[in-house]
Amino acid sequence: AEARKKANNEGTSYTNTALAMALYLKNNTMAQQIAQKDGKSHIEVQIAANGRLPLEDDEPGPFSFEYHLGDLFILMIMARGCNKTGAFDALSWHSPKNNASIRMALDWLAPYCSTTGVKRWPYDKVESPQISPCIELYRLASLSFNNNKTYEQIAETVPDGFASVYD
């Protein structure tokens, strides 16, 4: 229960698991409550007005990039679960507090996930581009946003030899 209180990726993981369990058990009332309360809270607290995930910036060593990727992936899965409950459209929802959204976070991270014209990660030294997780994130984003071509192109800028669970 401690993880539920955390505002970072640990809290998102907890909410995602609780939401998935409620949906699996067909407890729609509980799933809607989780989506409405915790789903909106995670988007609002974790995503800055420019789309950055500031709670993941300070992860030690060369890991903040991976934490940004991982947390955004979990936020995407959570948003899809929230949508499934019918409580609110988490993929399109914008925080009234700072106008942040899942799409803004995807757009902010995108320049760091390209193999052409890669933008240098500003928060720590990334030894080598971590492209494989980008594939999964932007494939999922493409599917979640009605086969969004921009997100699909990001996923396809990956060199040959990398596999995707969505292929």
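Here is a friendly conversation about a predicted model of a protein chain.

Visitor: What should I know about the model before we start?
Guide: This is a predicted model, in which local features need pLDDT of at least 70 and side-chain atom pairs count only at pLDDT 80 or more, while totals for chains, interfaces and linings use all residues. Residues are numbered from 1 along each chain as its sequence is written, and side-chain values use heavy atoms, with hydrogens and water left out.

Visitor: How many helices and strands does the protein chain have, and how are they assigned?
Guide: Helices (H or I, at least four residues) and strands (E, at least two) are DSSP runs, numbered from the N terminus. On that basis the protein chain has 7 helices and 0 strands, so its elements read α-α-α-α-α-α-α from the N terminus on.

Visitor: What makes H2 and H3 roughly antiparallel?
Guide: Their angle does. Helix H2 (residues 9–24) packs against helix H3 (residues 28–46) at about 160 degrees, with the axes 10 Å apart. Axes here are lines fitted to C-alpha atoms, for helices over the stretch in contact, and angles run from 0 to 180 degrees between N-to-C directions. Angles under 35 degrees count as roughly parallel, over 145 as roughly antiparallel, 65 to 115 as roughly perpendicular and the rest as oblique. The angle of about 160 degrees is over 145, so H2 is roughly antiparallel to H3.

Visitor: Is the crossing of H2 and H3 left-handed or right-handed?
Guide: H2 passes H3 in a left-handed crossing. That label applies if the near helix is turned anticlockwise from the far one by less than a right angle; clockwise gives right-handed.

Visitor: Which residues meet there?
Guide: With contact meaning heavy atoms within 4.5 Å, the H2 side includes Thr12, Thr15, Leu19 and Leu23, and the H3 side includes Ile34, Asp38 and His42. By class, the contact of H2 with H3 has 8 nonpolar, 7 polar and 1 charged residues. For these classes, Ala, Val, Leu, Ile, Met, Phe, Trp, Tyr, Cys and Pro count as nonpolar, Asp, Glu, Lys and Arg as charged, and the others, Gly among them, as polar.

Visitor: How do you know that H4 and H5 are roughly antiparallel too?
Guide: Their axes come within 11 Å and cross at roughly 150 degrees. That value lies on the antiparallel side of the cut-off, so H4 and H5 are roughly antiparallel to each other. H4 passes H5 in a left-handed crossing. Phe65, Leu72 and Met76 are among the H4 residues in the contact, and Ile102, Leu106 and Trp108 are among those of H5. The residues of this contact divide into 11 nonpolar, 1 polar and no charged.

Visitor: Why is Leu106 called buried?
Guide: Buried means under 20% relative accessible area, exposed over 50% and partly exposed in between (1.4 Å probe, protein chains only). Leu106, in helix H5, has a relative accessible area of 0%, so Leu106 is buried. Leaving aside neighbours within four places in sequence, Leu106 is in contact with Leu72, Met76, Leu137, Tyr138, Ala141, Phe145 and Tyr151. Leu106 and Gly51 are 55 residues apart in sequence, with their C-alpha atoms 7.3 Å apart.

Visitor: What makes Cys113 and Cys134 a disulfide?
Guide: A disulfide is a pair of cysteine sulfur atoms within 2.5 Å. The sulfur atoms of Cys113 and Cys134 are 2.2 Å apart, and the pair forms a disulfide. The count by this rule comes to 1 disulfide. Cys113 sits in the loop between H5 and H6 and Cys134 in helix H6, 21 residues apart.

Visitor: Why is this disulfide called left-handed?
Guide: The torsion about the S-S bond of Cys113 and Cys134 is about -60 degrees, so the disulfide is left-handed. Cys113 is buried at 1% relative accessible area, and Cys134 is buried at 1% as well.

Visitor: What stands out about the phi of Asn99 and of Asn146?
Guide: Most residues other than glycine have a negative phi. Phi of Asn99 is near 65 degrees, a positive value, and phi of Asn146 is near 55 degrees, also positive. Asn99 lies in the loop between helix H4 (64–85) and H5, Asn146 in the loop between H6 and helix H7 (149–156).

Visitor: Why is Asn99 called partly exposed, and Asn146 exposed?
Guide: Asn99 has a relative accessible area of 44%, so Asn99 is partly exposed. Asn146, at 70%, therefore counts as exposed.
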